[in-house]
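Subject: Model for your review

Dear colleague,

Please find the structure below. My notes on what was found in it follow.

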Amino acid sequence: MKNPKRILIVLNTTERGGAETQALYLAKGLVERGFQVHVLSFGSKKESYWENFKIAGVKLYLTGFNSKLVLPPFHSLKAFLIYLQYNFKLINIVRSINPEVILPFTYFPNIIFARCWRFTGAKALYWNQRDASLMFQGRPWEIKALKSCTAIISNSYEGKLFLKNYSNNSVKIIHNGVILPPKKASQSPVQKIRIIMVANLHDLKDHLTLLKAWKIVIRDNKNGEIELLLAGRDGNMALEVKQFISDNNLNDTVVCLGEVYDVSTLLSACHIGVFSSVKEGLPNGILECMAVNLPIVATKMNGSREVLGDDYPFLADPYDEITFARMILELINDVNLREKIGLQNFERIKKHFGVDKMVDEYVSMLKD
């Protein structure tokens, strides 16, 4: 199949998240390059982020039902009959769109479409790995679904390593893309040094280790006012994170912002990025900080090393709050070091993680 034009991107939700952000960047880029782009999401609720696809000139569709209704395993005859009903509905929706290529984003769309895509009329389906194997358990039906895809993509080396355990097919890495500001952001006047983590409050993000480190930072800081901002939706650790903040009297220096839509503007008003996650594919929370010249303290994992470089000097072992705190304090205390590391991060992202580079790699793959 040469030069396909009708592309269907499939999402699990219309909410904003890392995968949905990348899907929007890709959709915009494909439209600008002459592709007919359609986006289908499971569910029936149009969250605010959904409108961004419409503005980009993309045709939008909702399934009207939750993806879990067509996700195996089915533990009862009733569940299997429901699956047949909604799977038939899904196939009909896709057949009405008539795509040549289907590009799912995240685990649920990957699995669901790997099982049914040959009935949709599409000529190709790409398995699109967007994380470091958070849900894929290697069950026989998952492996069969993976192997049924035309080709496999991963946005990270971590994801590629994981998938190679289950398939001998080649895995193409296409890194996430980041939109860079029109000009490099300058540091805001330092009245209060702001440290920020952009990540939803989920367990693998390990905000608790960051907060334990922050207690040490508060105790040892002698360089004026500081503040820790946590930007991200409430997840399965939200109550525990907020309780920890309250129990340890951190309310005066830690602010939970919730979901933030203009992340770039927020980051431009900050001075240091932090990222305490223990497992990631390619972390958007780090990429977005790099795009506005922020130095970053992060945990030492494949995802952060892939983004920041193997020799990056501010990587701490997971769950090591003492080292994490020491590195934050080092950057708080040295403005010249902050500017130097921030500029290095900006130059690295400009070279390796631009949106145009990401879209061009998808286009090259689609034409292959």
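A polar contact here is a pair of N or O atoms within 3.5 Å; within protein, one of the two must be able to donate a hydrogen and the other to accept it. The model is a predicted one.

By that definition, the side chains of Asn176 and Asn155 are joined by a polar contact of 3.1 Å. A polar atom of the Asn176 side chain also lies 3.4 Å from the backbone oxygen of Leu282. Asn176 sits in the loop that runs between strand S7 (171–173) and strand S8 (193–198). With a relative accessible area of 2%, Asn176 is buried, because the cut-off for that word is under 20%. Leaving aside residues up to four places away in sequence, Asn176 touches several others, among them Gln22, Arg130, Asn284, Leu287, Phe353 and Met358.

Next, the sheet. Seven strands form an open sheet in the order S3-S2-S1-S4-S5-S6-S7, and the pairing is parallel. Its edge strands are S3 (59–62) and S7, each of which pairs on one side only. From one strand to the next, the twist averages 25°.

Strand S2 (residues 36–41) runs parallel to S3 and is joined to S3 by four bridges. Within this pair, Val39 has Leu60 of S3 as its bridge partner. Helix H4 (residues 107–116) packs on the sheet, where it touches strands S1 (6–11), S2, S4 (101–104) and S5 (124–129). The direction of H4 makes about 155° with that of S5.

Regards

Conventions
Residues are numbered from 1 along each chain as its sequence is written. This is a predicted model: local features need pLDDT of at least 70, side-chain atom pairs count only at pLDDT 80 or more; totals for chains, interfaces and linings use all residues. Side-chain values use heavy atoms; hydrogens and water are left out. Helices (H or I, at least four residues) and strands (E, at least two) are DSSP runs, numbered from the N terminus. Buried means under 20% relative accessible area, exposed over 50%, partly exposed in between (1.4 Å probe, protein chains only). Contact means heavy atoms within 4.5 Å. Two strands pair if DSSP finds at least two bridges between them. Axes are lines fitted to C-alpha atoms, for helices over the stretch in contact, and angles run from 0 to 180 degrees between N-to-C directions.
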